[in-house]
Amino acid sequence: MLLPRIIRGLTFVILVVPLVCGLVGTALPAFGYLPTLGGDHLTLHFFADLFARPGIGRSILLTFATAFMTTALSFLVVIVFVAGWAGTHAFARLQHLVSPLLALPHAAAAFGLAFLIAPSGFLLRLVSPWLTGFDRPPGWLIVHDPLGLAMVTGLVVKEVPFLLLVTFAALPQLRLEQTRRLAASFGYGRIAGFSYLLAPPLYGQIRLAVYAVLAYASSVVDVSAILGPTLPATLPVRLLQWMNDPDLALRFVASAGALVQLVLTLSALALWWAAECGVGRLARFVCAGGARFRRDAWLRSLSLGLVTLSAFFIFAGMAILALWSVAGLWQFPNALPNELTMRNWARHLPQITTPLITTVYVALISTTLAVLLTLGCLEREVVWGRRAGHMVLTLIYLPLIVPQISFIFGLQVLTIITGTEASLVALVLVHLIFVLPYVFLSLSDPWRAYDRRYELIAAALGVPRWRVLMRVRLPMLLRAILTAAAVGFAVSVGQYLPTVLIGAGRLTTITTEAVALASGGDGRVIGIYAFLQALLPFLGFAIASLAPALLFRHRGALRV
Amino acid sequence: MRSISTVITSGVTLALIAAVSARAQTPDPSDWPAVVSQAKGETVYWNAWGGSDNVNDFIAWTGRQLQKRYGFKVVEVKVADTAEAVAKVVADKAAGKNTDGSVDLIWINGENFVAMKKQNLFFTPGWATKLPNWKYVDTRNPTVTTDFNEPTDGLESPWGNAKLVFFYDSARTKKADLPNNAEQLLAWAKAHPGRFSYPAPPAFMGTTFLKQVLYELMDDKSKFYKPVDKMSFKQYVAPLFSYLDQIKPYLWHEGRDYPKDYPAMKQMLADGSLGIIFAFNPSEASSAIEAGKLPKTVRSFTFSGGTLGNTHFVAIPYNAAAKAAALVLANFLISPEAQFHKQNPEYWGDPTVLSMQKLPGEWQKKFAALKLGVATLPPSELGPIIREPDASWTDAIEAAWKKRYGVAH
């Protein structure tokens with residue numbers, strides 16, 4: 001089979017070539033080389049300039065600390081929750097909630113959170129003035145707080161569903177029930193038993209996803225701009241500002257900063273890795289001591305509470321955004337708008353059409369390509385009877401681990417040189433880099449778990465391989481394929497930095513518009529855009545779950 | 001196969017069209033019918049500060065009108081700072097992209113205009129005064145031809161006037177307590193801790209506030225209109241920064257965070273987080289009341305000694321791809337119809353640059369009948385206009401501010 005081989009090659013090219021080119025394109029200007037802007041010799045001057053900027057040390061430290069805190073919190077919440085609740089009804093029910101939570105773009109979740117927790121936000125309105133006595137918002141610096149706690153919260157509520165999803169995919173490969181009984185029979189608490197026996201193999205499977213969270217949190221722009229500190233902002237936010245400055249010399253500084261960003265992310269990963277070893281050693285020590293931790297009910301409740309809270313933040317945030325989008329005058333401390341109106345929507349819909357079409361268009365094309373490439377790669381596995389090794393998995397995760405900003409700067413230079421700046425093709429390709437890994441990760445498990453005996457029967461009846469694929473495997477895996485496509489679609493809709501830089505302001509999506517309009521600070525506008533931003537992925541997931549139900553309504557065994 | 005060949009053919013056709021249009025004649029505004037016919041089918045990428053709803057709405061309305069009447073498309077490229085648009089043109093030039101550039105029209109004035117003019121980044125020769133609708137423009141107003149001390153030379157066409165005006169909620173703040181100059185504002189802020197703030201420069205409204213304070217505190221006002229002298233800059237801005245140091249502990253969040261931009265301050269006024277806000281448009285509050293964003297009790301005030309005022313323009317970069325359509329757009333912006341729509345607080349409320357005497361009778365009546373809104377001061381009460389300083393002050397003040405307050409302690 002030649003086709004899958006080509007596809008595999010192509011996938012490799014799509015994942016690795018832009019990354020390498022982008023990094024080179026960032027590194028050259030960082031050391032002063034970019035002839036079009038007059039940089040014709042290598043110099044370390046721009047690094048010196050970078051480190052001389054006011055507050056740069058604080059920006060770097062802040063970026064590092066918030067990323068680490070985000071990852072540690074998200075991971076702890078997820079692992080304790082899974083340890084305490086895996087195999088229960090509550091756990092099974094939550095599995096259905098995870099996809100929509102994951103689908104919501106980061107920016108929308110951040111806006112929703114801001115409108116909930118700000119001093120003028122919904123939560124305080126609910127209890128004012130009757131409980132708090134406030135008739136004006138108090139002067140608490142909650143959003144944009146100097147320590148970045150609001151930003152960490154905003155990231156954690158989005159990373160918890162992601163880690164949960166990855167964990168759900170890994171759990172079936174563990175002997176959950178037997179192990180739990182074994183641990184319980186020796187008198188270990190639920191959480192302790194899981195941590196001693198199952199956490200190590202589980203962590204081995206989700207480790208790359210945790211790294212991806214750390215890398216993402218250390219280089220995120222949109223969430224940081226919405227919730228993060230401002231004086232100074234985190235490193236990635238400042239890099240983007242310098243990139244857009246009319247003083248073109250600052251682009252060299254931005255490139256130098258993008259390399260520092262890469263080092264920052266890699267050091268965060270290294271520190272995490274060191275922490276892994278430390279925690280592992282500690283756990284073995286505690287385990288050898290025979291501590292049972294039987295009274296873990298409080299911890300179980302706490303973890304359930306935190307997971308519920310993060311889901312609450314997302315859903316309540318969405319509800320507030322929807323409410324803002326139809327709000328007229330809405331003064332503090334009123335819990336509800338003084339008046340409801342459709343005027344905001346009527347005003348904004350004509351302007352939204354173009355970005356909306358671009359969003360859907362780019363997301364559909366990049367997702368379709370990603371699904372086809374993934375199918376090609378996975379089919380090759382089937383034909384060769386070999387599972388992709390660790391190398392391949394690392395490769396797939398590469399675009400999720402290398403900070404976006406470090407190689408998209410370089411890619412932007414590339415698009416300017418090739419004249420493909422602000423072209424649809426370039427935008428689709430850059431989205432594909434990030435959509436592909438997610439589609440691959442979502443689809444590979446169901447694909448590999450497929451019962452091959454169906455195919456053997458078909459083959460025994462003399463059906464050629466490609467027809468087996470078309471008539472037997474693909475229809476049976478349609479639900480999984482559509483779900484993977486919905487994940488890819490959501491990822492594309494949520495892309496901020498690649499769209500801003502490669503779209504060059506001419507190709508705008510709902511996400512870039514939402515962040516751009518956020519500077520006006522008007523809840524109504526933000527409400528409309530963030531609501532649409534959330535709606536698109538939800539629609540994707542709705543189609544993914546409804547279409548198979550309709551198509552297979554006469555096939556009893558394929559129903560849910 | 002057929003569909004592929006169709007795609008290829010259409011792709012080639014598109015490429016050809018692009019090539020032809022790039023080579024098309026440079027439009028000459030004195031041959032207006034030719035400009036109009038050349039404009040047809042073009043797409044104007046209009047780079048504009050996108051932080052205000054009203055403005056975005058107006059730009060969208062303009063786009064619809066032009067599509068209907070002249071058959072070209074207008075796409076607003078929303079920038080967070082006009083400097084970003086300048087950066088794009090500079091980058092184009094650096095990359096040798098001297099035709100078919102990425103920006104067709106920029107909403108611009110002040111330091112950005114001067115920067116582009118100095119680097120020869122504008123479409124020349126000057127075209128603004130050759131536009132058919134130039135005949136309506138109020139040329140007695142010096143700011144339509146002199147932008148921050150810099151002659152426009154017809155390189156940009158005016159489309160609105162701005163004046164710094166303050167707003168308060170009469171339901172929460174007594175009129176008698178309102179400040180009448182920067183010094184009194186400081187006293188007011190001290191008496192009402194946390195109820196005043198300004199957008200962090202380089203957000204232009206923040207910079208405008210700084211320039212207002214600087215002007216009031218300067219002994220020798222003539223310095224304001226001369227280029228910044230690096231040697232004496234520190235000495236001249238010392239009163240400003242001493243003022244800012246004094247007011248900082250009484251700012252919203254003690255100056256550890258600043259409002260994103262002036263539209264964000266409107267909701268903060270509605271919520272009562274801030275007691276006094278300001279904008280560059282006398283109708284801002286009326287317009288916001290109309291849109292249900294501010295309570296009906298909000299009113300305007302200004303300083304009797306005068307506040308900053310200027311004119312804002314549109315300009316065409318030298319390498320714009322759609323120069324003809326950009327010219328038609330600029331001309332439409334100074335039509336009585338567009339100016340009337342723009343001045344209506346229901347849409348934007350931005351003051352016109354046209355001279356009433358020059359307008360046809362029916363338009364004079366329409367403008368005269370336009371209700372400016374409950375919260376808008378009549379022109380007679382707006383107070384004197386303080387002209388903008390030399391453009392070099394803007395960047396210098398912004399840089400000094402960032403150095404001093406860009407990292408909170």
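The model is predicted; local features need pLDDT of at least 70, side-chain atom pairs count only at pLDDT 80 or more, and totals for chains, interfaces and linings use all residues. Residues are numbered from 1 along each chain as its sequence is written, with chains lettered from A and ligands numbered from 1 in the order in which they are written.

The interface between the chains comes first. Here 43 residues of chain A contact 44 residues of chain B (contact: C-beta atoms, placed from the backbone, within 7 Å). On the chain A side, α15 (343-384), α23 (510-517) and α24 (523-551) each supply at least two residues. Helices are DSSP runs of H or I, at least four residues, numbered from the N terminus. The most comes from α15(A), with three residues. By class, the side of chain A that touches chain B has 18 nonpolar, 17 polar and eight charged residues. Ala, Val, Leu, Ile, Met, Phe, Trp, Tyr, Cys and Pro count as nonpolar, Asp, Glu, Lys and Arg as charged, and the others, Gly among them, as polar.

Chain B is divided into domain 1 (19-161 + 311-377) and domain 2 (165-309 + 383-405). These bounds come from an automatic or database domain assignment. The domain centres, taken over C-alpha atoms, are 28 Å apart. Each domain of chain B gives 24 residues to the contact. On the domain 1 side, α3 (53-70) and α5 (110-118) of chain B give two or more residues. The largest share, three residues, is from α5(B). The domain 1 side has nine nonpolar, nine polar and six charged residues.

Helices α7 (204-217) and α14 (392-405) of chain B pack at about 100 degrees, with axes 10 Å apart. Axes are lines fitted to C-alpha atoms over the stretch in contact, and angles run from 0 to 180 degrees between N-to-C directions. Therefore α7(B) is roughly perpendicular to α14(B) (65 to 115 degrees). Residues B:T207, B:L210, B:K211 and B:L214 of α7(B) meet B:W393, B:T394, B:I397, B:E398 and B:W401 of α14(B). Five of the contact residues are nonpolar, two polar and two charged.

The largest nonpolar core has 242 residues; A:L163, A:V439, B:V328 and B:L329 touch the most other members. A core is a set of buried Ala, Val, Leu, Ile, Met, Phe, Trp, Tyr and Cys residues joined through C-beta atoms within 7 Å. Buried means 20 or more other C-beta atoms within 10 Å of a residue's own, with C-beta atoms placed from the backbone. Helix α18 (424-449) of chain A gives the most to this core, 16 residues.

Technical notes: Two residues are in contact if their C-beta atoms, placed from the backbone, lie within 7 Å. A residue is buried if 20 or more other C-beta atoms lie within 10 Å of its own, exposed if 12 or fewer, and partly exposed in between; C-beta atoms are placed from the backbone. Angles under 35 degrees count as roughly parallel, over 145 as roughly antiparallel, 65 to 115 as roughly perpendicular and the rest as oblique.
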